[in-house]
Amino acid sequence: MNITDYHRAIFEFLEQYRKDHPEANLTYSLRNNNSAKRPKHLYLFTGNDFYIFVGMYAPHNGNNKTRSVGFEVGYDTAQQKVTYCALEIVFNDPKLDHQYPVYKQVIDQIGWDQFKTIGTQKFQYFYKSTDWKAALLTYLTEHKPIIDQAIKDHGMNHEFFIPVEKLETAIEELEQTIDQLFEPDEKSDRGDYSWIPFYSELCTKLNGLTSSQLTDLTQKVLMVQKLRGLVDQDAHQNEFPLTKMDPYTFLSFTGIGRKEKQLAVLARLKEWLSISTALPTGLSGLYFQQNQRVWLFGYSYERQSEDIDKLRNLYQQVETNTVTEDVFNSVLTIKRTSMGKVSESLFKHRPELYFPINGKTRSWLQKRKLPNQFTTWNEYRQLLEAIREFDKRPFYKIVDEAYWEGPATVNLPSEEQTNYWIFQGNPAQFRIVDSLKDNALRTWRVAAHAQTIKPGDKIILWVVGKQSGCYALAQVASEIYTGTDESGEQYYQTAQVLTEPTQRVKINIEHNLWDKPILKPQLQDLPAFTGFNGGNQGTNFTATRYQYELILKMAQAQPESTHPKNIILYGPPGTGKTYTTIELAVEIIDGALSGNHQQYKQRFDVLRKDGQIEFVTFHQNYTYEDFVVGIRPELNSSTNGLSFKDHQGVFLKIAKRATSNFLGSFQQASVVELIPFEELFSDFITPVTSGKELPIYVDEEIAFYLIDYQQKYKALYFRESAKKEHQSPKKDARYLSVQTLKELYLEEKEVDKEGPYYEALVNTLHRIGRRKVERPPAPLKNFVLIIDEINRANISRVFGELITLLEEDKRLGEPNELTVTLPNGEPFSVPPNLYLIGTMNTADKSLALLDIALRRRFEFVGKYPNSELLHATPQAKALMERLNKVILNHKKSADFLIGHAYFIGKTDAQLKSVMDNRVIPLLMEYFNGRTDLVLQVLKEAGTNCTINELTYQIEYTNETANQPG
């Protein structure tokens with residue numbers, strides 16, 4: 001077999017394994033560049049003519065030098081056979097040192113002696129067989145689970161696991177690469193709007209379908225497209241079927257692929273939905289989209305329960321032309337949706353009323369100086385009105401023109417520059433915090449940067465001193481003027497302050513943090529604040545947008561919580577303590593739900609599966625090694641010897657997940673990335689496809705000229721000089737491979753080896769193809785650890801040194817943050833978004849052992865019998881009330897009452913079983929086995945109980961004795 005045949009065979013093997021074993025959550029990396037002309041000649045994975053490397057985790061570096069974990073196949077080109085199969089682990093990136101424990105754990109478990117070490121950071125485990133299928137199956141069934149578990153144990157799921165949508169996008173692009181070898185020229189369809197009446201009837205039909213029907217219909221569409229897309233995920237990237245769907249996301253699925261694929265889908269929809277309108281012949285204004293997250297909502301762990309309903313509500317309003325501001329704006333808040341997705345969905349639905357905002361149409365709007373973005377319904381309405389006022393044609397004709405027109409110049413749009421400043425003050429001269437508390441701060445002195453501070457600039461208001469930090473975020477509200485503190489501000493001056501006029505600006509406080517400032521210790525270790533000027537001598541300093549937005553994010557991540565961080569529900573048995581933890585945990589994470597306990601339980605199960613809730617029960621033998629970290633013995637099956645492996649307990653695992661989320665919620669960054677090649681090249685080549693020559697400069701004086709582009713052959717033709725009059729268009733023309741150009745653009749090949757023409761063209765594309773992108777931080781989430789029967793374990797033995805870290809002000813990011821070193825050498829702090837809920841049975845005799853240190857750090861909420869919950873069973877209600885009255889009289893404590901859970905849902909006929917098998921044995925425990933005392937209690941409670949002469953057990957009858965009072 002040729003090596004490219006092995007590429008295809010491995011690909012097909014992996015896809016079949018994914019289909020047969022969905023529980024394995026298998027994903028992998030496909031190579032970006034596929035340069036051959038037929039499927040079996042495509043180099044689908046990283047490698048060359050001597051090896052194939054299948055990257056199984058991200059980030060997988062293309063040259064296999066920086067960091068990678070994967071399956072490698074060696075190949076002998078002369079004999080055309082496999083020479084070896086190996087698991088390869090490479091970690092050689094100093095920026096990723098924090099991932100080292102993952103690799104160490106993997107190699108520890110497989111065995112260091114099993115790996116061949118190359119240098120200090122490359123390891124290869126060679127499989128015994130050169131049968132690549134057998135070796136790959138061994139990797140998938142034996143080694144991949146070990147690697148996956150190590151990643152999960154260290155809370156690094158999002159750093160390693162390749163999202164399934166990324167893989168499926170790569171597969172779709174691979175298919176499109178093959179399709180495009182035979183792709184017809186779609187310009188012949190321009191001006192054909194026959195899709196509009198068809199979509200009108202289709203959208204009306206969709207409005208009558210339920211979410212379940214839409215889900216089934218989407219699955220059928222994906223089968224036509226030969227795609228896999230209805231796979232939901234939890235926070236650990238565990239996959240399961242998507243079971244809800246909205247009409248707009250369904251419409252997005254119908255637009256995947258080129259014209260032929262879309263028309264094939266529409267033909268089947270016409271049959272399935274009995275659509276009477278003729279099948280479209282053209283799709284002018286509707287152009288294909290990639291199969292990459294066409295959903296208008298997020299995965300299960302990202303979306304709110306009402307997100308899909310919001311989309312359906314908007315769909316119904318668009319269908320009846322009754323869109324309201326609240327519904328439209330609520331859709332824009334959905335994670336994973338965007339201005340572009342929403343407007344494109346509305347355009348498909350009602351193309352005569354709505355205009356899509358995407359790269360093509362924004363370019364059209366920008367050139368005409370029309371609005372090109374929106375954040376609210378009112379802004380979108382104004383945008384639509386502006387377009388109508390400028391151009392009276394139907395929107396769909398404008399969209400068609402925008403697609404084919406392309407940009408006038410290939411330059412990125414510029415934005416008006418907003419400056420970011422630190423305005424610093426000394427509380428010894430002006431009582432800044434008090435003025436913020438009273439909303440009295442209106443102006444600030446300008447002692448530097450007077451030439452560049454302007455209205456609209458953003459301000460980090462920094463206070464120096466013992467509690468130095470950011471106490472407000474503000475905006476410059478005026479030009480610089482000469483003046484003094486306003487009359488309302490003078491009250492906050494100290495006696496030493498000079499009152500002569502100075503240069504000043506008015507400011508608007510946008511985020512007042514006087515009562516919850518972001519203090520210097522919270523910022524000083526963050527990379528973004530290296531070189532931060534706050535605290536230096538002076539009044540006005542430059543800051544960065546990232547610093548400002550990071551402080552804003554931290555401020556917004558400090559909402560007032562109605563729930564304490566550490567809480568214990570205590571009370572006698574049967575009072576619903578564990579039952580209550582379900583609702584309490586969900587409310588801590590999601591807020592109160594407007595539903596019954598069953599709905600809380602369903603959400604609880606989802607959150608637990610997503611890793612935001614963990615549950616553990618303490619017992620007398622529970623230890624620090626079980627709860628936090630330790631080592632456990634393990635029998636080596638191959639040597640029958642005993643070895644030890646690291647063990648991370650439930651507390652450490654959930655704390656790591658919470659810490660990762662907490663830190664990730666601040667890690668927004670501005671990065672420069674390349675515009676996708678296809679998007680950039682399509683715009684760049686527009687003048688050439690319109691018949692113009694495009695000069696490309698090798699240096700300031702020498703240029704060559706692009707003259708034609710043949711999409712069928714992926715060839716870009718050029719001449720070394722401009723066309724002369726009467727010269728044949730392609731006389732003396734040469735060509736460049738667009739595929740090679742793409743590889744050079746993506747830096748997958750070295751440009752200096754391809755000659756000066758490629759180099760000049762790639763340099764041009766790089767200049768115009770780089771864009772600055774803001775990477776949004778992850779949403780801050782709360783995590784909950786439920787500890788049932790918390791008082792049954794030796795608390796000091798289980799928590800160890802971590803008991804101090806539970807206090808709110810000692811947690812990560814708080815003013816008195818404390819960090820300890822765990823026995824395995826890891827530094828550890830308790831994150832502020834981790835909540836602990838304990839339950840405690842007050843009737844348990846181990847109550848006296850409850851550590852006073854634990855009592856001091858937890859809030860205690862009592863749970864006691866509630867007879868109102870037994871309103872449906874009056875006899876049980878009366879019996880419980882009488883029993884508890886007598887027990888309280890004897891025990892002088894509510895810790896020994898009988899809980900309502902024993903009686904809930906029981907009929908009168910079942911009372912005997914409850915009393916004989918549950919209540920009376922509990923009373924015997926309460927009264928130390930004293931049968932006479934238990935009989936006395938039961939008699940005083942008005943029950944008819946006797947001692948069975950055969951079993952010597954107290955028995956209850958449903959007949960009631962004379963009830964007291």
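Predicted model: local features only at pLDDT ≥ 70, side-chain atom pairs only at ≥ 80, totals over all residues.
Biologist: Thanks! How do helix 8 and helix 10 pack, roughly parallel or roughly perpendicular?

Modeller: The axes of helix 8 (residues 247–254) and helix 10 (residues 307–319) lie 8 Å apart, at an angle of about 85°. Angles of 65 to 115 degrees count as roughly perpendicular. The two helices are therefore roughly perpendicular.

Biologist: Which residues of helix 8 make that contact?

Modeller: From helix 10 come Leu311, Arg312, Leu314, Tyr315 and Val318. Across the whole contact, seven residues are nonpolar, one is charged and none is polar. Helix 8 supplies Pro247, Tyr248 and Leu251.

Biologist: Is Asn540 buried or exposed?

Modeller: Asn540 sits in strand 16 (residues 540–542). Buried means under 20% relative accessible area. With 3% relative accessibility, Asn540 therefore counts as buried.

Biologist: Which backbone oxygen does the side chain of Asn540 reach?

Modeller: A polar atom of this side chain also lies 3.3 Å from the backbone nitrogen of Ala448. The oxygen in question, at 3.3 Å from the Asn540 side chain, belongs to Arg445.

Biologist: And how many residues apart in sequence are the parts tied together by Phe71 and Tyr139?

Modeller: Their rings form a tilted pair, 6.3 Å centre to centre with 45° between the planes. Phe71 and Tyr139 are both buried. Phe71 belongs to strand 3 (residues 67–76) and Tyr139 to helix 3 (residues 132–153), so the parts they tie together are apart in sequence by 68 residues.

Definitions and conventions: Residues numbered from 1 in each chain as written. Heavy atoms only, no water. Axes fitted to C-alpha atoms, helices over the stretch in contact; angles between N-to-C directions. Helix = DSSP H or I, 4+ residues; strand = E, 2+ residues; numbered from the N terminus. Parallel < 35°, antiparallel > 145°, perpendicular 65-115°, else oblique. Contact = heavy atoms within 4.5 Å. Nonpolar A, V, L, I, M, F, W, Y, C, P; charged D, E, K, R; others polar. Buried < 20%, exposed > 50% of the residue type's maximum accessible area, 1.4 Å probe, protein only. Polar contact = N/O pair within 3.5 Å; in protein donor to acceptor, adjacent residues only side chain to side chain. Phe/Tyr/Trp six-rings, centres within 6.5 Å; stacked < 30°, edge-to-face > 60°.
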